[in-house]
Amino acid sequence: MSRTRHLPSQERKELTVRAVVELCGEQDPARITTASIAERMKVTQGALFRHFTGKEEIWQSVMAWIAEQVMQRLEKAVARAETPLAILEAMFMAHIGFITEHPGVPRLMLGQLQHAEPTSATRLVRSMLARYRERLAAILSKGKASGELRADLDVEAAATQFIGTVQGLVVQSLIDGDVTRIAEQAPGAFLLYQRGIQAGEGA
């Protein structure tokens, strides 16, 4: 008998979230059903809905988990580095590391952002990206003030470009059909970004 049949509610929810993230790495998130989630977890749909009110709550829980994991990793990266530029590189590589470990996440996030009508999950994605941008802007502003970054740096544009560089690698990996290549391409992509914002570069 599967041990998932007798788990506490919170643990069952966490396992459900991880099952969805795994499934997103194998197929189009839009095609994932509660039946396929239940099958992956080796439980009935009835058992699944004892912990969630419906599919929307499952997606909301998944996005909340992703947001928490990404922001935690970014904060750990910030704590390990000292200078603004080193912090930015650590954040960049931490984000890439998360995507490499969970290749279904980019497809899931892109899918949520394409919804014409905002859902709870969509709002969580947008909220996470807003917090991400605010964190980046603060670090970029600090680097600009310290003289490590260009004096004429457009902080908002630089924050947007940082996220855009990560997203560009993601899109290319989806085209190639190989998310693992992101880890190989990330150092070169960050170096190009760095050359555009660092003091004394590109002048």
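Visitor: Before we start, what counts as a helix here?

Guide: Helices are DSSP runs of H or I with at least four residues, numbered from the N terminus. And keep in mind that this is a predicted model.

Visitor: Okay. Where does Ala-199 lie?

Guide: Ala-199 sits in the segment after helix H9 (181-197).

Visitor: Is Ala-199 buried, exposed or partly exposed?

Guide: Partly exposed: the relative accessible area of Ala-199 is 33%, and that class lies between the 20% and 50% cut-offs.

Visitor: What is Ala-199 in contact with, leaving aside neighbours within four places in sequence?

Guide: Gly-147, Glu-148, Leu-149 and Arg-150. Leu-153 is worth a look too: Ala-199 and Leu-153 are 46 residues apart in sequence, with 9.0 Å between their C-alpha atoms.

Visitor: Gly-147, you say. What does Gly-147 follow, and what about its phi?

Guide: Gly-147 follows H7, and its phi is positive, near 90°.

Visitor: Let's do H7, then. How far apart are its end C-alpha atoms, and what should the helix span?

Guide: H7 covers residues 120-146, so at 1.5 Å a residue its 27 residues should span 39 Å. The end C-alpha atoms are 39 Å apart, which agrees.

Visitor: Which residues of H7 are buried?

Guide: Among them are Ala-121, Val-125, Met-128, Tyr-132, Leu-136, Leu-140 and Gly-143.

Visitor: And what covers them?

Guide: The cover includes helices H4 (55-80), H5 (84-101), H6 (104-113), H8 (155-176) and H9.

Visitor: Pick Leu-140. What is Leu-140 in contact with, beyond four places in sequence?

Guide: Leu-88, Leu-149, Leu-153, Val-155, Ala-158, Ala-159, Tyr-193 and Ile-197.

Visitor: How many residues are in the largest nonpolar core?

Guide: There are 66, and Leu-140 is one of those with the most contacts inside it, along with Ile-66, Leu-88, Met-91, Phe-92, Phe-162 and Ile-197. H4 gives the largest share of this core, twelve residues.

Visitor: Switching to the outside: which residues form the nonpolar patch on the surface?

Guide: Leu-110, Val-171, Leu-174 and Ile-175, with about 320 Å² of accessible area together. H8 supplies the largest share of the patch, three residues.

Visitor: Why does Ile-175 count as exposed?

Guide: Because its relative accessibility is 62%, and exposed means over 50%. Ile-175 lies in helix H8.

Visitor: Last one: where is Thr-34, and what is its contact list beyond four places?

Guide: Thr-34 is in helix H2 (residues 34-41). Its contacts are Gln-45, Leu-48, Phe-49, Lys-55 and Ile-58. At 13% relative accessibility, Thr-34 counts as buried.

Note on methods:
Residues numbered from 1 in each chain as written. Predicted model: local features only at pLDDT ≥ 70, side-chain atom pairs only at ≥ 80, totals over all residues. Heavy atoms only, no water. Helix = DSSP H or I, 4+ residues; strand = E, 2+ residues; numbered from the N terminus. Buried < 20%, exposed > 50% of the residue type's maximum accessible area, 1.4 Å probe, protein only. Contact = heavy atoms within 4.5 Å. Expected span 1.5 Å × (residues − 1). Patch = residues over 30% accessible without salt bridge, like charges linked within 9 Å, V, L, I, M, F, W, Y side chains within 5 Å. Areas by Shrake-Rupley, 256 points an atom, 1.4 Å probe, with all protein chains shown as cover. Salt bridge = Lys/Arg side-chain N within 4 Å of Asp/Glu carboxyl O. Core = buried A, V, L, I, M, F, W, Y, C linked by side-chain atoms within 4.5 Å.
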